[in-house]
Amino acid sequence: MKNRIYFDNAATTPIHQEVIDAMLPYMIEKFGNPSSIYSFGRETKQAIEQARKIVAHYLNTKPAQIFFTSGGTESSNMAINSAVEELNCTRIITSAIEHHATLYCAQYWQKVGRVQLEYVNLKEEGVIDYEHLEELLKDSTHKTLVTLMHANNEIGNILDVVKVGDLCEQYSALFHCDAVQTIAHYPLDVQQMKVHFLSGAGHKFHGPKGIGIMYINENVSIAPALLGGSQERNMRAGTENVYGIVGLAKALEIAYDHLEQDSLHIQSLKQYMYSKIKTILPEAIFNGDVVNGLYTVLNISLPKTSKTEMLIMNLDINGICVSGGSACSSGVESISHVIAAIRGTNNMVPIRFSFSKYNTLEEIDIVIEKLKEVIA
Ligand SMILES: Cc1ncc(COP(=O)(O)O)c(C=O)c1O
């Protein structure tokens, strides 16, 4: 098979070889059930607790505040559901450009009449209007959950989490932050962010799929998300995904150990792609806050033509993977809800390029040549 160029790292990332090496023993010889009391089980239990310590260390919290889930969707659902069902929130403030894991969950609670749902205004290029957020927070007697993502998976905009955390504290609101796109890509400190809940997923930073992180602040007490066994300190029943947990922690460790050098490399790829696109496709509009946004994501819109509509498929035929929006929405939504929120339903075709440490400048040159060929 010809070499593939993978520019869809916001959808998922290739797993690091060292992560696979760390996971393998837990698939082969160390397969004991962590709930078993004999030593064979205790060694897998220990591996889980060691992984929890690693995650807690990088988020600047205690291991007791970290729970392992099946991914970002479960973590975000768990945070929002708990805020409504256990912590009596009767209002949710979010934005129109959140991931569907947040939006659909918040909209569900609105639909069943349990919460008033408010959307914070967006400024140009989808930047959150913090003044409006404060107005919303000031103006209510409801107990409120604010759920805003740290970085947008489609356009890369980054939230000022410290500012939002401070506002939530000032107005006694709870704060859930979907940090799926930023964990392992930026230093994160849950104390400084003043979050009550934070969601993450292993597969966005060269870890395995189907494993997620949920941080829960020690001052909020919630009921179990799943009932059954006493795993995850009674919070989430079911035999743990031991190798997933071990792999996630290893991937996190590798990412933070190489953060500076990897982020500089990826940033330079984004910058190079940005300048090349400006030259060869002057009609392209850059979506989101390109300068201050996520260094892994570059999102453009091209005028809709028969060629641009077929662009992603044509790139795919040439072994190039890019996305039209988020992976989760491709093929389902005719237009990305994020692009629609910032541009309206216009006659443009959005394309997201998202990079990882494994990408190279040479790959960008190839993609640029293909773009020229396909669109010209
Ligand atoms: C910002 C964001 N939140 C949540 C999710 C959902 O994560 P998962 O697919 O691990 O459930 C994703 C995945 O694309 C994401 O990018």
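Hi everyone. The expected span of a helix is 1.5 Å times one less than its number of residues, and helices are DSSP runs of H or I with at least four residues, numbered from the N terminus. Before I use that: this is a predicted model, where local features need pLDDT of at least 70, side-chain atom pairs count only at pLDDT 80 or more, and totals for chains, interfaces and linings use all residues. Residues are numbered from 1 along each chain as its sequence is written, and side-chain values use heavy atoms, with hydrogens and water left out.

So, helix α9, residues 259-280. Its 22 residues should span 32 Å at 1.5 Å a residue, and the end C-alpha atoms sit 31 Å apart, which agrees.

Which α9 residues are buried? By buried I mean under 20% relative accessible area, with exposed over 50% and partly exposed in between, using a 1.4 Å probe and protein chains only. They are Leu259, Asp262, Ser263, Ile266, Leu269, Lys270, Met273 and Ile277. These residues cover an arc of only 120 degrees around the axis, so they are on the same side of α9; the arc is taken from the directions from the helix axis to the C-beta atoms. The face turned away from that side carries the exposed Glu260, Gln261, Leu264 and Thr279.

What covers the buried residues of α9? The cover includes α8, β9, β10, β12 and α13, with contact meaning heavy atoms within 4.5 Å and strands being DSSP runs of E, at least two residues long.

Lastly, Phe353: among the residues it touches are Met273 and Ile277, leaving out residues up to four places away in sequence. Thanks, all!
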